[in-house]
Amino acid sequence: MQWLMTAALALSLLVNATARAQAPDTADVRLVFDVSGSMKQNDPNRLSASALELIVTLLPSGARGGLWTFGSEVANPLPPTTIDDAWRQRALSLKPALLDYQQYTDIERAVRQAADAPPADGKRHLILLTDGMVDTPGGADKAARDEASRKRLIDKLAPVLHDDDVVVHTIAFSPNVDLDLLENLAQKTQGLTAVAEDPEALLRAFLDVFDRIFPRDQVPLEAGSFPIDERVDAFSSLLFHGPQAPPLALIAPDGTRYTADDHPDDVRWQHQPLFDIIHMPAPIAGQWRVEGEVGPDSRISVESPLALRTRELPTTLYQGFETPIEAWLTRPDGGVGEDESGSPVSLRAELRDIDGRVRQTVPLTAQGDHYRGVLAPPEQAGNARLVVVAENDDFIRERRQAVNVLSPITARVVGDNARVDLHAEHPRLDVDNTQLTATLQGQMLDVVPQGDRNWRIDLPDVARDVAVPLTVWARVTLDGETRRFTLPEVTLNPGAATSLHGVSLDRPGGHIETLDEEEERQAAPPSSSLDRLGDSVDQWLDALPSGVRSLWQAAPPPFRDYVASHRHDPLAWALLIAGLLVAILLLVGLRRRRHRQRTTRREEPHV
């Protein structure tokens, strides 16, 4: 773990440089450590102690920080106060307290007390480090109390924290966690979630969290090369690499070569087996180059009076919903807006995969001194990066934010295919503005509201040797606009050898339609006769022999997609049937013509 501590010391160069430029006294970071007995098994490598060292070193001087521990009881051995060297020494002296294991895991009480501790105004960032299992003290009805505490955390406390400007970032030390709890707690408060089973994952989780708390301008690092303009006062490079990789070298635009063993005194260079951190003051403008292996998550942060700023970027995006983006530039003269060079500036927002591949992009248009745009609804769920880019012929700046893309409504099978529970993940969805309809291979199922933001589907008996898709439709009306989409498909008996996925005429999960008022009046509700017609086709296909069904599965995907996406459109059915009739007539006519040709050419045999 020694390298992790050295990493913390080195990484503090990055964060403290940013802190000096971005008024860290406005940041309030509260560390909440799980010391329950289960941590002894779920954190065998004692990553909690390494996490404390890493966070304490990373936090910039001038910010405010505090520390809590919780198990059966909640303790606050280090109340929130200004971070300095004395604060760091006190915090590090508390490492033995992280091994003082207690019997239970009262997460709800720990989060409440850490959030409410004075000063309880302004933005507060809670970093919750836990194995993530609610386990409250008590005797009788303990399971019910644990479930009630978990429900209060998600449904009541999290929205209150969001309204009080409290952000909860959750880091789990084991995959044996209640990940749904941690994700909900972070999501509802605009925080981040990570599972860190090893030091490398822990380091990257903290980088994402600190990028969220202390956002920094960056420049792109592509193919080992990055641009530095004349307005950059200094840059800091975090360069990941393999443990056996040859030493890195940094090549300046004028050809000057810098290495860990050969660099000027004012250049700070930390070399570790898995990464190098380099702080370069007063760099030469031009294209810099890294010689050697550069791994994923490497980054170049810059300090400059020409800076990119954004409205707070979200940490959760939802399929089917757009994301508004607003950004602006601060100039060296203290103004806001276009660069003083006069070269036109373009801004854009991008959604990228973790590996850097751009999923989608949208230009931001100038509206006064600010730039605004709307990122289209994301299609693919999972982890991603939301990036805002500003550039012209003379400079480029980037702001990056780790994000999680979710379905607006999640579904999970409960029990032994007994029912499906659905929950509105999007904060604005509820049973009043959202109507759900479910089909299971043509059979319409009742979707029953359960409270304000939950629904329940009781399932019929399903053969265990067949994997069957359940399709759930949603019709959502918000701000006078109606959109209709299907949830990601839920599969019953997913491990079965036989699958009926190819037979379903339901639309693939994630298909989104936005309807204007006229289209909404004309659109047939899911329970209409058109839906029943489409569902009866599902049942008819189900009843076909397996050989005939295989013909449907072998049909070209565009044809199947068309049928699936127009199953409720009477005109589409009429066109399809007419097309089939024409094809049949053409086929019959062609066969008759060939028959006549064969008859005409027939000759009598010679005797």
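Me: As a starting point, two strands pair if DSSP finds at least two bridges between them. How many bridges join strand β9 to β13?
Reply: Seven bridges join β9 (residues 234-240) to β13, and the two strands run antiparallel. The strands are DSSP runs (E, at least two residues), helices are runs of H or I with at least four residues, and both are numbered from the N terminus. This is a predicted model, in which local features need pLDDT of at least 70 and side-chain atom pairs count only at pLDDT 80 or more, while totals for chains, interfaces and linings use all residues. Residues are numbered from 1 along each chain as its sequence is written, and side-chain values use heavy atoms, with hydrogens and water left out.

Me: Which residue in β13 stands opposite phenylalanine 235?
Reply: Methionine 280 stands opposite phenylalanine 235.

Me: And what about β12 and β13, how many residues lie between them?
Reply: Three residues lie between β12 and β13, which form a hairpin. Strand β12 (residues 268-271) is joined to β13 by four bridges, again antiparallel.

Me: How many residues of β13 are buried?
Reply: Six of the seven residues in β13 (275-281) are buried, where buried means under 20% relative accessible area, exposed means over 50%, and partly exposed lies in between (1.4 Å probe, protein chains only). For the chain as a whole, 51% of the 607 residues count as buried.

Me: Where is the cis peptide bond, then?
Reply: The cis bond joins proline 118 and proline 119, with omega at about -5°. Proline 119 belongs to the loop between α5 (107-116) and β4 (124-130).

Me: Changing topic: what is the order of the strands in the open sheet of six?
Reply: The order is β3-β2-β1-β4-β5-β6, with mixed pairing. At the edges are β3 (74-82) and β6 (193-195), each of which pairs on one side only. From one strand to the next the twist averages 15°. Angles here run from 0 to 180 degrees between N-to-C directions, with axes taken as lines fitted to C-alpha atoms, for helices over the stretch in contact.

Me: In which sense do β5 and β6 pair, parallel or antiparallel?
Reply: Strand β5 (residues 166-172) and β6 pair in the parallel sense, over three bridges. Alanine 172 has valine 195 as its bridge partner in β6.

Me: Which helix lies across β2 and β3?
Reply: Helix α4 (residues 85-92) lies across β2 (64-70) and β3, running at about 165° to β3.

Me: Last topic, the second largest pocket: which residues lie nearest its centre?
Reply: Asp297, Ser298, Asp355, Gly356 and Arg400 lie nearest the centre, within a lining of 26 residues. A pocket is an open set of points on a 1 Å grid over the protein atoms alone where a 1.4 Å probe fits, with protein on both sides within 12 Å along at least five of seven lines; lining residues have an atom within 4 Å of a point.

Me: How much space lies in it?
Reply: The second largest pocket holds about 580 Å³, the volume being the space filled by probe spheres set on the points, which are joined across faces, edges and corners. Strand β23 gives the most to its lining, with four residues.

Me: And aspartate 297, where is it found?
Reply: Aspartate 297 is found in the loop between β14 and β15 (299-303). Its phi is near 75°, a positive value in a residue other than glycine. At 24% relative accessibility, aspartate 297 counts as partly exposed.

Note on methods:
Contact = heavy atoms within 4.5 Å.
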